[in-house]
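Student: Could you walk me through this model with me? I'd like to go piece by piece.

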Amino acid sequence: MKIAIVDDDKASVGVLRGYFEKFSAETGRALPEITEFCDGVDFVENYRSIYDIVFLDIDMPIMDGFKAAERLREMDPDVFVVFFTALASYAADGYSFDACDFMLKPVLYARFSSSMKRIMRKLYARCADASIAVRTNYGMKYVPLSKLVWVETVGHKLYFHAEETLTSWGSLKEVAARLTDPRFVRINNGCIVNLDYVTGLHGNELDVGGTLLMISRGCKRDVVSRLAGI
């Protein structure tokens with residue numbers, strides 16, 4: 001993942017860098033590649049469409065965050081933009097640039113983490129053609145991640161529940177290593193669920209489109225946390 005941070009306040013940039021390190025450690029994901037820009041002019045004049053997320057401070061000299069966002073949208077209409085500033089009054093104007101979030105300084109880590117979880121899920125959801133290869137007795141089949149509802153292991157077999165249920169073999173640990181998309185969460189020793197299909201949480205049971213799946217005690221905290229980040 002590539003991140004651009006546009007802010008003339010070095011202290012704020014340092015805080016965000018620290019948050020990214022903490023977030024990566026907590027989620028087990030690689031630390032993103034971060035590029036810093038000290039002002040809006042430097043950012044737009046050197047912009048390349050290589051970033052996944054752009055963090056834009058609004059209150060900057062020469063070219064503020066809104067003007068930089070306007071130029072940015074001319075060059076890249078798809079990149080995720082997060083505005084951050086000390087003034088709450090800017091929030092309404094910020095969303096006119098199709099920003100995915102608006103954070104008030106000083107940004108708290110809980111707010112940052114919640115926002116990043118939502119953004120990452122949107123990033124992965126953009127990859128509609130992303131799929132997982134499933135070995136079956138009839139050869140290899142490719143299941144789009146957006147269609148995969150849950151995976152479970154019963155005995156020595158794996159069942160991939162999508163538009164159809166595919167039977168395979170192997171360990172759920174191996175499947176989990178391949179399902180790095182943040183939409184997927186392990187809810188017990190034998191089941192991984194796509195959060196996009198979760199319709200409710202009832203005690204220790206997860207409602208997945210009408211099917212109730214048991215959440216283990218050891219996994220519940222992570223499951224609830226992930227659901228809260230949707």
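**Working through the model**

Tutor: Val 193 lies in strand β12 (residues 191–194), where strands (E, at least two residues) and helices (H or I, at least four) are DSSP runs numbered from the N terminus. This is a predicted model, in which local features need pLDDT of at least 70 and side-chain atom pairs count only at pLDDT 80 or more, while totals for chains, interfaces and linings use all residues. Residues are numbered from 1 along each chain as its sequence is written, and side-chain values use heavy atoms, with hydrogens and water left out.

Student: Is Val 193 buried or exposed, and why?

Tutor: Val 193 counts as buried because its relative accessibility is 0%; buried means under 20% relative accessible area, exposed over 50%, and partly exposed in between, with a 1.4 Å probe and protein chains only.

Student: And what is Val 193 in contact with, beyond its neighbours within four places in sequence?

Tutor: With contact taken as heavy atoms within 4.5 Å, the partners of Val 193 beyond those neighbours include Trp 150, Phe 184, Leu 206, Val 208 and Leu 213.

Student: Val 208 turns up there; which residue is its bridge partner in β15?

Tutor: The partner of Val 208 is Thr 211. Strands β14 (residues 205–208) and β15 (residues 211–214) pair in the antiparallel sense over 4 bridges, pairing requiring that DSSP finds at least two bridges between two strands. They form a hairpin with 2 residues between them, and Gly 209 in the turn has a positive phi of about 60°.

Student: Switching topic, which residues touch the most other members of the largest nonpolar core?

Tutor: Those are Phe 43, Val 54, Leu 56 and Phe 83, out of 22 residues in that core; a nonpolar core is a set of buried Ala, Val, Leu, Ile, Met, Phe, Trp, Tyr and Cys residues joined through side-chain atoms within 4.5 Å. Elements that each supply at least two of its residues include β1 (2–6), β3 (53–57) and α3 (65–75), and the largest share, 4 residues, comes from α3.

Student: Last one: how do the residues lining the largest pocket divide by type?

Tutor: The lining divides into 10 nonpolar, 6 polar and 8 charged residues, and α5 gives the most to it, with 5 residues. Here Ala, Val, Leu, Ile, Met, Phe, Trp, Tyr, Cys and Pro count as nonpolar, Asp, Glu, Lys and Arg as charged, and the others, Gly among them, as polar.
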